[in-house]
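This briefing is meant for a reader who is meeting the structure for the first time.

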Amino acid sequence: MTASADPATPRLVSVDAPGRLHLGFLDPSASLGRRFGSLGLVLDDWVTRVELRAAPGATDLFTADTPEARAELPRAEAHLAALKLRTGQPAPLHLHLARVLPAHAGLGSGTQLALAVGRAFARWHQLSLSTATLAHGLGRGLRSGIGIGGFDQGGLLLDGGPGADGQPAPVLARVALPPNWRVLLAIEPGARGLSGAEERAALARLAPLPAAAAAEICHQTLMRVLPGATQGDFLAFAMGVGRIQQIVGDHFAPAQDGEAYTRPAIGRLMRWLEAHAPAFTSEPVGVGQSSWGPTSFAFVSRPEHGQALIAAARAAGALAQGLQLVMVRPRDHGALVSDSADTAHRAPSRPSAESLWRWQQTEQAPWRLH
């Protein structure tokens, strides 16, 4: 059932789940046997917000505040149905989508919607389910663990790729970026990157990434990106991210009409930023596309550099009509969970003591609840 939102009932659980940038796969072709591995960054301000209340009647109620959120209601309904089936908790609920990340734009909207609904449901019923468990049960995190790790703890994250036995990708490293660093996001509202069956088909058609290219991505990650982020060495960080994106962009270009960027106008803007940023900031910017895009990014070491670049791109005509170039902060914490029956609290920065994979069950089998 879908209707307009009702007045708040005495208890309200809300979850703000942050968006993320996917900065590149380490080894999508599994040259050493383990596939994928990801580098990513969690973003502030860009969130999916879910609210859960008791339903006023005998059936579930689903509402939303915006057209974009209403478009996501079918997925939210499916997640709630799966959670009820697997936990044996049938009580009718009112699920409200107050805000959603842009769908299929490279910001991890699908995973964050699933995790926000899952965490709100678990909180409502006081179920001790880890984020990785929720993600697996709702069909998320099949390739990357950045969205799962970012939901828990935020920051710049490196994961080791999912296990062959279905275990989620472990987070190998987490770094909080220096507080002055910013990200410029290039956005084309309404445009979408590949997802679902199209994404799987595109991955299947790509030639294997050469082992030497995977090795260089790992080298750039471990000896430039992570140390640069840890010690505030922006030059090393930006050059490492830029080189990773060059390799990844060349690899995925055959699935994107031969281009490193899904949308031509965004590609032109990012190339302009890469070429002209040093004239305005005295340093390079690490540019690239998040996942299948179309959202793309450029890093700057301080807010005034970002403001200067936005103004310069607009003055030079590099910001085509319909594009947005906005500056955002990296986020060094995960999802925010509040429960009106308790005090507001942040999602745990680490998984609970329970094993992330204590159960091996079929898709429709119930979860072990604690």
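How many residues does helix α2 have, and how far does it reach from its first C-alpha to its last? In this predicted model, α2 runs over residues 73-87, which gives it 15 residues, and its reach of 21 Å is close to the 21 Å expected at 1.5 Å a residue. The points below take up the surroundings of this helix and then move on to other parts of the chain.

- The buried residues in α2 are Leu73, Ala76, His79, Leu80, Leu83, Lys84, Arg86 and Thr87.
- The cover over these buried residues includes the strands β3 (61-64) and β4 (93-99), together with the helices α1 (67-71), α3 (109-124) and α4 (131-137).
- After α2 comes Gly88, and the phi of this glycine is positive, near 70 degrees.

**The chain as a whole**

- The protein chain has 10 helices and 12 strands in its secondary structure, and 55% of its 370 residues count as buried.
- Among the contacts in the protein chain with a separation of 6 or more, 75% are between residues 24 or more positions apart.
- The accessible surface of the protein chain comes to about 15,800 Å², and carbon and sulfur atoms account for 53% of that surface.

**The largest pocket**

- The largest pocket holds about 820 Å³ of space, and of the 39 residues that line this pocket, Arg20, Arg143, Glu199, Ser291 and Trp292 are the closest to its centre.
- Two or more residues of the lining come from each of the elements β1 (13-27), α3, α5 (146-153), α6 (196-205) and α8 (234-252), and the largest share, 5 residues, is given by β1.
- By residue type, the lining of the largest pocket divides into 21 polar, 12 nonpolar and 6 charged residues.

**Ala17 in strand β1**

- Ala17 has its place in strand β1, and this alanine counts as buried because its relative accessibility is 0%, under the 20% cut-off.
- Leaving aside residues up to four places away in sequence, Ala17 touches Trp46, Val47, Thr48, Leu101, Gln112, Ala116, Phe151 and Ala335.
- Ala17 and Ala114 are 97 residues apart along the chain, while their C-alpha atoms are separated by 9.6 Å.

**Gly145, between two helices**

- Gly145 is found in the loop between α4 and α5, and with a relative accessibility of 2% this glycine counts as buried.
- When residues up to four places away in sequence are not counted, Gly145 touches Asp159 and Ala169.
- Between Gly145 and Pro162 there are 7.5 Å in space, C-alpha to C-alpha, although the two are 17 residues apart in sequence.

**Backbone features in the loops**

- Most residues other than glycine have a negative phi, and most peptide bonds are trans.
- Ala30, which lies in the loop between β1 and β2 (36-54), has a positive phi near 55 degrees although this residue is not a glycine.
- Is Ala30 buried or partly exposed? At 25% relative accessibility, Ala30 counts as partly exposed, because that value falls between the cut-offs of 20% and 50%.
- Ser291 lies in the loop between β8 and β9, and its phi is positive too, at about 55 degrees, in a residue that is not a glycine.
- Ser291 is partly exposed, with a relative accessible area of 33%, and the residues closest to the centre of the largest pocket include this serine.
- Which two residues are joined by a cis peptide bond? They are Gly293 and Pro294, with an omega of about 5 degrees, and Pro294 lies in the loop between β8 (287-289) and β9 (296-300).

**Ala201 in helix α6**

- Ala201 lies in helix α6, one of the elements that give two or more residues to the lining of the largest pocket.
- With a relative accessibility of 32%, Ala201 counts as partly exposed.
- The C-alpha atoms of Ala201 and Ala255 are separated by 9.5 Å, and these two alanines are 54 residues apart along the chain.

Definitions and conventions
Residues numbered from 1 in each chain as written. Predicted model: local features only at pLDDT ≥ 70, side-chain atom pairs only at ≥ 80, totals over all residues. Heavy atoms only, no water. Helix = DSSP H or I, 4+ residues; strand = E, 2+ residues; numbered from the N terminus. Expected span 1.5 Å × (residues − 1). Buried < 20%, exposed > 50% of the residue type's maximum accessible area, 1.4 Å probe, protein only. Contact = heavy atoms within 4.5 Å. 1 Å grid on protein atoms, 1.4 Å probe; cavity = no way out; pocket = protein on both sides within 12 Å on 5 of 7 lines; lining within 4 Å. Points joined across faces, edges and corners; volume = space filled by probe spheres on them. Nonpolar A, V, L, I, M, F, W, Y, C, P; charged D, E, K, R; others polar. Areas by Shrake-Rupley, 256 points an atom, 1.4 Å probe, with all protein chains shown as cover.
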